[in-house]
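I opened this model to look up its ligand shell, its salt bridges and its helix contacts. My entries follow.

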Amino acid sequence: MESYFEKRSALFNASSEFSCPDGCDRHGCKEPALHISISLVDLLAISVASGRKVFDLFKKECKIGFDPIEEGEPWLGKVSIELRKPCSFLVGRECSVYPGRPMACALFPEYSLMVGNREELLEREIFRNFPCIQNPCSIPRRRRETLQKVMEMSFQENFLSDFYLFGISPFVLDLKAIAGKGLNGIRISEEGKAELPHRCIEDLLSQILEQGGYLQEWEAKMEQFDRAEGLKQFMKMKEWTDQMAMTAHRSLPPVAYQFDGNRLFPIHRCK
Ligand code: SF4
């Protein structure tokens with residue numbers, strides 16, 4: 001496992017010309033609206049870099065997050081572990097777990113700039129004050145190849161993590177059946193538009209996951225990481241989930257889950 005983390009960490013900066021601009025206020029590490037999903041492998045890497053236990057890191061620095069798949073469809077989304085914001089690993093202007101930082105942190109902003117359109121990124125309000133998007137660095141060909149490799153590793157790590165925790169990757173929830181329970185969180189904007197803060201959806205989700213016993217089940221799995229045998233089994237699982245990830249659909253699976261009371265049931269998605 002150590003050699004895997006060493007290789008991963010070396011790739012994070014290999015052939016890169018990027019460094020955070022002096023004028024950057026580290027919005028990406030602080031802004032709660034910018035969700036940073038992490039995998040269990042990320043959590044393990046942070047544990048190695050910080051010397052803290054995996055379960056302690058999950059309880060104090062993470063939460064179960066819900067990321068809508070499409071704009072305008074707040075109730076259909078992917079479930080994952082997310083860093084709490086502002087991120088507590090930010091010390092001053094430095095990341096205190098830099099060699100073991102999550103894949104999402106290591107890939108940003110270069111990968112977004114490589115595959116996306118900078119103008120489109122700047123249209124999103126959240127990125128407007130990011131100096132690294134306003135004045136992007138160049139991304140040499142060798143760095144592009146490395147970024148592609150890191151992205152592939154990230155896909156495999158997420159696949160393993162979802163599979164271990166939820167039994168499926170990605171784990172998509174359709175929350176429409178419980179949407180009514182979140183209505184008291186709705187606020188009306190100055191323009192008279194009804195808005196439901198994302199935090200209310202996540203709070204509602206956490207509540208129901210706890211009532212259904214799911215949260216406790218996932219936490220028990222995470223506790224295994226602080227035992228040598230649990231870690232060994234997880235890394236053994238990686239060997240075959242890496243194979244599965246190679247043939248897995250990169251698009252969303254046709255199955256999502258829906259709550260009936262506080263229990264989850266699979267449903268077929270129409271698209
Ligand atoms: S892990 Fe490091 S790079 Fe990522 S959000 Fe936290 S402080 Fe920033």
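This is a predicted model: local features need pLDDT of at least 70, side-chain atom pairs count only at pLDDT 80 or more; totals for chains, interfaces and linings use all residues.

How many nonpolar, polar and charged residues does the shell around the ligand have? I found 8 nonpolar, no polar and no charged residues there. Here Ala, Val, Leu, Ile, Met, Phe, Trp, Tyr, Cys and Pro count as nonpolar, Asp, Glu, Lys and Arg as charged, and the others, Gly among them, as polar. The ligand is surrounded by Cys-29, Ile-36, Cys-87, Phe-89, Leu-90, Cys-95, Pro-102 and Cys-105.

Residues are numbered from 1 along each chain as its sequence is written, and side-chain values use heavy atoms, with hydrogens and water left out.

**Salt bridges**

I counted 16 salt bridges. The rule asks for a side-chain nitrogen of Lys or Arg within 4 Å of a carboxyl oxygen of Asp or Glu.

I looked up Arg-8 next. Asp-42 forms a salt bridge with Arg-8, with the closest N and O atoms 2.5 Å apart. This pair links distant parts of the chain: Asp-42 is in helix 3 and Arg-8 in helix 1 (residues 2-13), 34 residues apart. Helices are DSSP runs (H or I, at least four residues), numbered from the N terminus.

Glu-157 also forms a salt bridge with Arg-8, at 2.9 Å between the closest N and O atoms. Glu-157 lies in helix 9, and 149 residues separate it from Arg-8 in helix 1.

Is Arg-8 buried or exposed? Arg-8 is buried, because its relative accessible area is 1%. Buried means under 20% relative accessible area, exposed over 50%, partly exposed in between (1.4 Å probe, protein chains only). Glu-157 has 0% relative accessibility, so Glu-157 counts as buried. Asp-42 is buried as well.

I then checked helix 12 (residues 228-247). Asp-242 and Lys-238 both lie in this helix, 4 residues apart, about one turn. Their side chains meet in a salt bridge (3.0 Å, N to O). Asp-242 is buried at 16% relative accessible area, and Lys-238 is buried at 6%. I also noted one network: Arg-52, Asp-56, Lys-60 and Glu-61 are joined by salt bridges that share partners.

**Ser-161**

Ser-161 is found in helix 9 (residues 141-166). Its relative accessible area is 4%, so Ser-161 is buried. Not counting residues up to four places away in sequence, Ser-161 touches Ser-39 and Leu-40. Contact means heavy atoms within 4.5 Å.

**Helix pairs**

The axes of helix 3 (residues 40-50) and helix 4 (residues 54-61) come within 9 Å and cross at roughly 105 degrees. Axes are lines fitted to C-alpha atoms, for helices over the stretch in contact, and angles run from 0 to 180 degrees between N-to-C directions. Helix 3 and helix 4 are therefore roughly perpendicular (65 to 115 degrees; under 35 is roughly parallel, over 145 roughly antiparallel, the rest oblique). Leu-43, Leu-44, Ile-46, Ser-47 and Ser-50 of helix 3 meet Val-54, Leu-57 and Phe-58 of helix 4. I sorted this contact into 6 nonpolar, 2 polar and no charged residues.

Helix 10 (residues 198-211) and helix 11 (residues 214-223) pack at about 80 degrees, axes 5 Å apart.

Methods: Helices (H or I, at least four residues) and strands (E, at least two) are DSSP runs, numbered from the N terminus. A residue is near a molecule or strand if one of its heavy atoms lies within 4 Å of it.
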